[in-house]
Amino acid sequence: MIIMAAALLILFGATVILQADLLPDKKFVLLPPVNFTIKITGLAQVLLRWEPDPHQEQRNVNLGYRVRINAPQEDDYETRDTESQCVTILHKGFSASVQTIFWNEHSLPASSWVSAEMKDPPGSPGTSIANLTCTTNTVENNYVHLRRYQVSLRCTWLVGQDAPEDTQYFLYYRYGSWTEECQEYNKDTLKRNTACWFPRTFINSKGRDRLVVHVNGSSRHAAIKPFDQLFDLHAIDRVNPPMNVTAEIEGTCLSIQWEKPVSAFPIHCFHYEVKIYNIRKDYVQIEKMMINSFISVIDDISKYSVQVRAAVGSLCREMGHWSEWSQPIYVGNDEPTSSLEWFIIALMAAICFVLLIFSFICRICHVWTKLFPPVPAPKSNIKDLFVSTNYEKAGSNETEIEDISYVEEAGFEILEDSVF
């Protein structure tokens, strides 16, 4: 036991001594790299390259380099290589710095910085494009010998506020190592290019590389300043709506099914939203899910509108935008009344109400009596005959004379006086 403990102590001491020999002395000075250069290797792409100082003392230490991007956007990273590729916009110029560091001992002092700079390209201020926006969309390829899915690209922009009227713009995109110039442009009233369309591109919709778009221009009156912009595919991809949406009702059960959108992503990559609109109750229900079917309990006296939309989930890439809603599908028995029918019903109700109010007012104010007074009836010969007949019988029957006294005509009063 004592022998084993002694052996372990000897081994530990040897390890400490070896590590001490490998550690750099505090007087060990790191020299900055030499021949630091910046070279453009593609659209919005530069190659940084340098070499270690040939006078750098070697003591079996691991050296590395810290790279700092100063413009157009600040960035800082470390590498053990003597070159580094950087993707960034270049129309604002570019500058970077590099220094030598101890790779495993960051607490020890690094070398001084060495810098390089690339000026922004020439061009008159205010002549470059503005508000550049791009969208991608996946389409299914009908040609067997090509890839099953193709990605289209559409970009739009505004003309620079100080650009001459004869300015013409030209757009290029780069994805990975492939660069392509636009061939299909839309023009404004002055025939200047303001939009570009690529029906098919070499963009990989499942890729994670950034899309580079570069627009330059020409004019006889001024130098047109170029413009660069970088796009993340997930941020500009316009996902297609789900396909073959179906819906059916059995009793109080609404069953909805659909297929994944046209996309290179497999079915498990998609998230869905289902929108069910109850037309009779004017109520919207939205449900989120990760499968391509949904069942809901409903009432059987309403009509429903069903729509579905999709988005690529974070399982396959960074979450992007939702697709447009699919075309609505209508199910149910409640037939909505047309607007014309509603108008006729409302008009008839209003007319009936007005007539009722008018009749009530006429009854209260005796309007009909005032507008149409009763016409006096002409003197009837039949009444005269009736009076004369009663006159003849007056002497014989007193009761009949009393009956005559109830008649209020003037001629009848004269007849009564003559009898008595």
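User: Happy to start with the largest pocket: how do the residues of its lining divide into nonpolar, polar and charged?

Analyst: Good place to begin! In this predicted model, the lining of the largest pocket is made of six nonpolar, four polar and three charged residues.

User: How is such a pocket found, and what is the volume of this one?

Analyst: The general idea first: rolling a probe the size of a water molecule over the atoms shows where empty space is left. Here, the volume of the largest pocket comes to about 270 Å³.

User: Which residues lie nearest the centre of the largest pocket?

Analyst: Of the 13 lining residues, Q73, V87, T88, R210 and L230 lie nearest the centre. Two elements give two or more residues to this lining: β4 (75–79) and β5 (83–87). The largest share, four residues, is from β5.

User: Is M348 buried, exposed or partly exposed, and why?

Analyst: Buried means under 20% relative accessible area and exposed means over 50%, with partly exposed in between. M348 counts as partly exposed because its relative accessibility is 48%.

User: And how does Q307 read on that scale, buried or exposed?

Analyst: Q307 has a relative accessible area of 14%, so Q307 is buried. This residue is in strand β21 (residues 303–312).

User: How far apart are Q307 and E324 in sequence and in space?

Analyst: They are 17 residues apart in sequence, while their C-alpha atoms are 9.7 Å apart in space.

Key:
Residues numbered from 1 in each chain as written. Predicted model: local features only at pLDDT ≥ 70, side-chain atom pairs only at ≥ 80, totals over all residues. Heavy atoms only, no water. 1 Å grid on protein atoms, 1.4 Å probe; cavity = no way out; pocket = protein on both sides within 12 Å on 5 of 7 lines; lining within 4 Å. Points joined across faces, edges and corners; volume = space filled by probe spheres on them. Nonpolar A, V, L, I, M, F, W, Y, C, P; charged D, E, K, R; others polar. Buried < 20%, exposed > 50% of the residue type's maximum accessible area, 1.4 Å probe, protein only.
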